[in-house]
Amino acid sequence: MYYSSIVALAIMILIFENHDILFKRRKDINTKSWNVYRNLLYTIIAYYIVDMFWGILYFLKLKNLLYIDTLIYFVAMGTGVLFWTQYVTVYINEFNIYATTLKLIGRLFFVAEVIIVTINIFKPILFWIDDASEYYATSLRHFMLIAQIILLIAVSLFAFSVATKRVDSSRNRYKTIAWFGLIMAIFLIVQIWFPKLPLYTVAYMLGTCMLRSFVVNGEKEEYKLGLEQALERENNQLEELKNARVAAYRDSLTGVKSKTAYAEIEKQKNTEIQKGCCSQFAIAVSDLNGLKMINDTYGHEKGDEFIKNGCKLICETFKHSPVFRVGGDEFVVLLEKEDFINREALENKFNEIMESRDGIEEVIVAMGMSDYIPGEDYTLNDVFKRADKKMYIKKSELKNR
């Protein structure tokens, strides 16, 4: 019964090591090659089960059941060869005549195995079992083993040849796949002389452990690394978009909100007005007097200072409201909540400051303010136009003064 015990151990090891592949559809291994590998694992488990029962039936000397189990054993072995050649060629993904030939030979080997097993039911050309439940192999059985050994070595050589051309992480994985085939071939050679030992099972057990350690885990680590890199790129892109949005919504000269930000708030307010849920607000439109003269006389650098000083005056007055620079020397303030309640006082205070200036060295800012009137104003621009008109009247008054 030691024979079946070894096989039972091999089943447990394979299931424990590969439960995530066998029973879970993981995204990090859900590719065409890993689907073929999953089928290979199922085939190996089927082979293990058949091999385990072979040891039990041989021990119990149940001739008929042993004969049936042996037939299934050879089919399971041929199926394993089929899926192994498919897995190697699909995983390595080399489209050449050698890979195509290997895949074709693997299929032909499987078909030949099924045909020979079928014929063996009627005539013992592969094996027979005597009345004492002793197993005997024919020369055709040895020929099929040798053919399988040659095919395994050919697949291994293919994997080695591809591995030598690679310089990335796939190189070691291809070498592991090659060694799997060589291990299977070596154990099969030994099994020719010791047909009643579970050598093929041991070879499968060693091979699948190698694949799990160096191929599957390597793939998963590479997939994880790829996800981390993709996440990092996405975070960097989001940060760049965030910075770009901040830059687009902030005026580079004065630091207040930009014309783009004003267009966004205008769109928002228009939607609120159309829905009838817009709260009270006012618009203050401001314009600097004498910017053109400053630029023409002292240059644009001095003009920029002039704009920043004018912006500072506006921000100091309307401390609780967003300020937008919508033109070269034109600013808009959106008054809501506290500043809206105190709008008249703030407007009077601002105008008093402007009227007290001599206009020679100090910045003069003209400002006009208008409230949103529900039922009369249908867009933010309606309020803006009234405030803008008042600003130009104030601008004229300040110039005349």
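Is Ile146 buried, exposed or partly exposed? I looked it up and found Ile146 partly exposed, because its relative accessible area is 42%. My cut-offs are these: buried is under 20% relative accessible area, exposed is over 50%, and partly exposed is in between, with a 1.4 Å probe and protein chains only.

**Ground rules**

I am working with a predicted model, so I note that local features need pLDDT of at least 70 and side-chain atom pairs count only at pLDDT 80 or more, while totals for chains, interfaces and linings use all residues. Residues are numbered from 1 along each chain as its sequence is written, and side-chain values use heavy atoms, with hydrogens and water left out.

**Entry: the whole protein**

I counted 13 helices and 6 strands. Here helices (H or I, at least four residues) and strands (E, at least two) are DSSP runs, numbered from the N terminus. The radius of gyration is 42 Å, well over the 21 Å that the globule rule gives for 401 residues, so the protein is more spread out than a compact globule. That radius is taken over C-alpha atoms, and the globule rule is 2.2 Å times the number of residues to the power 0.38. I also boxed the C-alpha atoms along the principal axes and got roughly 125 × 45 × 35 Å. Of the 401 residues, 46% are buried.

**Entry: back to Ile146**

I placed Ile146 in helix H5 (residues 139-165).

**Entry: helix H2 and what follows**

How far apart are the end C-alpha atoms of H2? I got 42 Å, which agrees with the 42 Å that its 29 residues should span at 1.5 Å a residue. The expected span is 1.5 Å times one less than the number of residues.

Just after H2 comes Lys61, with a positive phi of about 60 degrees. Lys61 counts as partly exposed, at 38% relative accessibility. Its side chain meets that of Glu134 in a salt bridge, 3.3 Å from N to O. Glu134 lies in the loop between strand E1 (127-129) and strand E2 (135-137), and Lys61 in the loop between helix H2 (32-60) and helix H3 (63-92), so the pair ties together parts that are 73 residues apart in sequence.

I also found a nonpolar surface patch here, about 560 Å², made by Phe59, Leu60, Leu62, Leu65, Ile68 and Ile72. Patch residues have over 30% relative accessible area and no salt bridge; like charges are joined within 9 Å, and nonpolar side chains (Val, Leu, Ile, Met, Phe, Trp, Tyr) within 5 Å. The areas come from the Shrake-Rupley method with a 1.4 Å probe, and for residues only the protein chains shown count as cover. Both H2 and H3 supply at least two residues of the patch, and H3 gives the largest share, 3 residues. Phe59 is in helix H2.

**Entry: more salt bridges**

How many salt bridges does a search of the whole structure find? I got 13. My test was a side-chain nitrogen of Lys or Arg within 4 Å of a carboxyl oxygen of Asp or Glu. As a reminder to myself, side chains of opposite charge can pair when their charged atoms come close.

One of them joins Asp20 and Arg212, at 2.8 Å from N to O. This pair links distant parts of the chain, with Asp20 in helix H1 (residues 2-23) and Arg212 in helix H7 (residues 199-249), 192 residues apart. Asp20 is buried at 3% relative accessible area, and Arg212 is buried at 9%.

Another joins Lys395 and Asp287, with the closest N and O atoms 2.4 Å apart. Lys395 sits in helix H13 (residues 380-400) and Asp287 in strand E3 (residues 282-289), 108 residues apart. I noted both as buried. I also saw Lys269, Glu272 and Glu336 joined into one network by salt bridges that share partners.

Which strands pair with E3? I found strand E5 (residues 330-335), antiparallel over 6 bridges, and E6, antiparallel over 8 bridges. I count two strands as paired if DSSP finds at least two bridges between them. Ala282 has Leu335 as its bridge partner in E5 and stands opposite Asp371 in E6. Val285 stands opposite Gly368 in E6. Strand E6 (residues 364-371) is mostly covered too, with 7 of its 8 residues buried.
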